[in-house]
Amino acid sequence: MAEMDTSGGGGKHKKGPGVKKGKKMSTRVDLTPMVDLGFLLITFFIFTTTMSQPTAMKLNLPDDTATPEEQNKAKESGALTILLGKDNHVFYYEGILAPDGSNFKSSNFKEIRDEIIHKKQTTDTADLVVVIKPNDESNYKNVIDILDEMSINVIKRYALVDISPIEDQMIKATEGGGTAPATSGQ
């Protein structure tokens, strides 16, 4: 509690006759109740706060009990491969890349959603697999954006895979305006 000392200090303050000085008052503030209240609030928040839960993207992992030969099988007609290039360029092809690169198409992030929706509508849900392959010149934002597209379009089966050298050459040839190299059937 706050209190004021009004004792005066002994009477030696008068220095001359008729001089009247005011009494010196000292103040003393007791901080004990404020400290008690602070510790009470800290204790309250410690007991009532819940720990933050980690938020992570849920991944559908392959079944461990199946044989390895059956785990990664996907129908060619249900596969959509999305390749990420530099400057927000997106390339894609359906099924297996044609040897002449005729099914290799260029797009952007606005149009790739339409392609994913079209592929989802024309393919059985159990057969649909999206393979995402970022190249060395794509950035982290592009990978996150395409993973967001998988979540937005409710694509259950997708995979991040390393890009093959032929696909990387196709991207560089398309971005650079050069001719696409002939593929060897990959």
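The following questions and answers concern a predicted model of one protein chain.

Me: How many helices and strands does the secondary structure of the chain contain?
Reply: From the N terminus on, the elements run β-β-α-α-β-β-β-α-β-α-β-α. Sorting this order by type gives the composition of the chain: five helices and seven strands.

Me: What percentage of the residues in the chain is buried?
Reply: The chain exposes about 13700 Å², and carbon and sulfur atoms supply 56% of that area. A residue counts as buried when its relative accessible area is under 20%. Of the 186 residues in the chain, the buried share is 27%.

Me: Among contacts between residues at least 6 apart in sequence, what share joins residues at least 24 apart?
Reply: Contact here means heavy atoms within 4.5 Å. Among contacts in the chain between residues at least 6 apart in sequence, the share that joins residues at least 24 apart is 61%.

Me: Which exposed residues does α4 carry on the face turned away from its buried side?
Reply: The buried residues of α4 pack against β3, α3, β6 and β7. The face turned away from that buried side carries the exposed residues Y140, K141 and S151.

Me: Which residues does M150 touch, not counting residues up to four places away in sequence?
Reply: M150 is one of the buried residues of α4. It is also among the residues with the most contacts inside the largest nonpolar core. With residues up to four places away in sequence left out, M150 touches I82, I116, V130, I132, I155 and Y158.

Me: Which elements are included in what covers the buried residues of α5?
Reply: Helix α5 has 12 residues, 165-176, and reaches 16 Å from its first C-alpha to its last. The buried residues in α5 are I166, E167, D168, M170, I171 and A173. One of them, M170, also belongs to a second, separate core of nine residues, which includes L83, F91 and F104 as well. The cover of the buried residues of α5 includes β3, β4 and β6.

Me: Are the rings of F91 and F104 stacked or edge-to-face?
Reply: F91 and F104 are both buried. Their ring centres lie 5.5 Å apart and their planes stand at 10 degrees. Planes under 30 degrees apart count as stacked and those over 60 as edge-to-face. The pair of F91 and F104 is therefore stacked.

Me: How many residues apart in sequence are the parts that the pair of F91 and F104 ties together?
Reply: F91 lies in strand β4, whereas F104 lies in the loop between β4 and β5. The pair therefore ties together parts whose separation in sequence is 13 residues.

Me: How far apart in space are Y92 and N103, C-alpha to C-alpha?
Reply: Y92 is found in strand β4 and is buried, with a relative accessible area of 6%. N103 is among the residues that Y92 touches. The two are 11 residues apart in sequence, and their C-alpha to C-alpha distance is 8.2 Å.

Me: Is V154 buried or partly exposed?
Reply: V154 is placed in the loop between α4 and β7. Its phi is near 55 degrees, a positive value in a residue other than glycine. Buried would need a relative accessible area under 20%, and exposed one over 50%. At 46% relative accessibility, V154 is therefore partly exposed.

Methods
Residues numbered from 1 in each chain as written. Predicted model: local features only at pLDDT ≥ 70, side-chain atom pairs only at ≥ 80, totals over all residues. Heavy atoms only, no water. Phe/Tyr/Trp six-rings, centres within 6.5 Å; stacked < 30°, edge-to-face > 60°. Helix = DSSP H or I, 4+ residues; strand = E, 2+ residues; numbered from the N terminus. Buried < 20%, exposed > 50% of the residue type's maximum accessible area, 1.4 Å probe, protein only. Areas by Shrake-Rupley, 256 points an atom, 1.4 Å probe, with all protein chains shown as cover. Core = buried A, V, L, I, M, F, W, Y, C linked by side-chain atoms within 4.5 Å. Expected span 1.5 Å × (residues − 1).
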